[in-house]
Amino acid sequence: MLVYQRHLAREIYGDTLLVLAAFLGLFAFFDLIHELESVGRGGYEFHHALGFVALTLPGRAYEILPIAVLIGALYGLTRLAHHSEITVLRASGLSTGALLLTLARIGSLFALLTFLIGEFVAPQTERMAQQLQLTAKSQLVGQEFRSGLWVKDGRNFINVREVLPDASLRGVRVYAFDENHRLLSISEAERGSFMPSGHWQLSNVAQTLFAQEKTTVTRQEQIEWRSALNPDILAVLLVVPERMSLDNLYRYIRHLRDNQQNTQRYEIAFWKKIVYPLATLVMIALALPFAYAHDRMATVSVKVFIGVMLGIFFHMLNGLFSHLGVIASWKPLMAAVTPSVLFLLAAALLLWWVERR
């Protein structure tokens, strides 16, 4: 790496990490204030709130890394331009293309960091945070309706009254239908535990069988129940799609497709997980036009403010297109990639406008 490349990298890395730390501290403060409302409920105490906030920080870092890169790069490049260092580089023969390539190399580390946090760190810590909170409050993992959680598994419909933080089930009902959609049986179990062999063990089971001529009821202390439903699928309840790993998203999408259920939201989240790390490259490219226009646009502080506004706008646009994609049934890839493409076009137009002037 050349001397000017190391210098640019040092400035951008330092400023971006400083911005990221400031954002994380701000989010942690507000999240802690929000959690204080829950302190005292059940066994939820102040140290639980601190642990919950700390465990959600990787997810926050994943969300704001592109914004931090934009502000950090904009501040670093603008400060260098203010000291005429960018002007000296350009006068020495450094082309815009070469400078963009250098910024892409610098940004690739942030893209890799974003991917690693989003794929391996945030999903695990988010799940741990939800489990910590739910266990302390003695609450359920999730309830879709008043009657509990409903899941379709082939021809069976499964109703679970409570999903406990250890992924065990309480109040399980299995409605079995035949190929003609005729109800064959209803199995009710007091509790269900997932066994290492890959099946569920239901306890205190009452099974009602519907035959053509009569209805019979049998009771058993324990039965073995095999289902596509497993703790990994139940874990989806703990983590929003945007913070799930690609592997979990892919497997859950397959599960929904096998049961003829809508996968739009999860497919958009899947493609966003692939595209989102590349947004850091778009953001670092967007910062370059502001450095080129250092004498004609505004002071450093004003440009940092513009960077903050652009980052917030990108975050809002990202969420907006995700919701619009679900509502309007857009192609998942289009909904995921459009915000980054729009910002890339904006960067190209700004750079063209600044160079023409």
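These are my notebook entries on a predicted model of one protein chain.

**Entry 1: overall form**

I began with the secondary structure and found 10 helices and six strands in the chain. I then looked up the extent of the C-alpha trace, which spans about 90 × 45 × 35 Å along its principal axes. Next I compared the radius of gyration with the rule for a compact globule. A compact globule of 357 residues would have a value near 21 Å, but this chain has 26 Å.

Of the contacts between residues at least 6 apart in sequence, 63% join residues at least 24 apart.

**Entry 2: surface and charge**

I recorded an accessible surface of about 18,600 Å² for the chain, with 61% of it belonging to carbon and sulfur atoms. Of the 357 residues, 48% count as buried. For the charged side chains I noted 32 positive and 28 negative ones. The centres of these two sets lie 6 Å apart.

In soluble globular proteins, nonpolar side chains tend to be buried together.

L77 touches L8, I12, I86, L103, A287, L288 and A291.

I looked up F321 and I327, which both lie in helix α9. Is each of them buried or exposed? F321 counts as buried because its relative accessibility is 13%, under the 20% limit. I327 counts as exposed because its relative accessibility is 69%, over the 50% limit.

Beyond its neighbours up to four places away in sequence, F321 touches W330, A335, T338, P339 and L342. I also noted two C-alpha distances. F321 and T216 are 105 residues apart along the chain, and their C-alpha atoms are separated by 52 Å. I327 and Q264 are 63 residues apart in sequence, and their C-alpha atoms are 9.1 Å apart in space.

I next looked up Q133, which is placed in helix α4. With a relative accessibility of 12%, Q133 counts as buried. What is Q133 in contact with, leaving aside its neighbours within four places in sequence? The contacts of Q133 are E35, Y44 and F52.

I then turned to K152, in strand β1 (residues 149–153). K152 also counts as buried, at 18% relative accessibility. Leaving aside neighbours within four places in sequence, K152 is in contact with F157, H255, N259, Q260 and Q261. I also looked up the distance from K152 to A228, which is 76 residues away in sequence. The C-alpha atoms of K152 and A228 are 9.4 Å apart in space.

Most residues other than glycine have a negative phi. S84 is not a glycine, yet its phi is positive, at about 65°. H181 is not a glycine either, and its phi is likewise positive, at about 65°.

Where do these two residues lie? S84 is in the loop between α2 and α3. H181 is in the loop between β3 (169–177) and β4 (183–194).

I finished with their accessibility. S84 is partly exposed, with a relative accessible area of 35%. H181 is exposed, with a relative accessible area of 69%.

Conventions: Residues are numbered from 1 along each chain as its sequence is written. This is a predicted model: local features need pLDDT of at least 70, side-chain atom pairs count only at pLDDT 80 or more; totals for chains, interfaces and linings use all residues. Side-chain values use heavy atoms; hydrogens and water are left out. Helices (H or I, at least four residues) and strands (E, at least two) are DSSP runs, numbered from the N terminus. The radius of gyration is taken over C-alpha atoms; the globule rule is 2.2 Å times the number of residues to the power 0.38. Buried means under 20% relative accessible area, exposed over 50%, partly exposed in between (1.4 Å probe, protein chains only). Contact means heavy atoms within 4.5 Å. Accessible areas come from the Shrake-Rupley method with a 1.4 Å probe; for residues, only the protein chains shown count as cover. Lys and Arg count as positive and Asp and Glu as negative; His and the chain ends are not counted. The place of a charge is taken as NZ of Lys, CZ of Arg, CG of Asp or CD of Glu.
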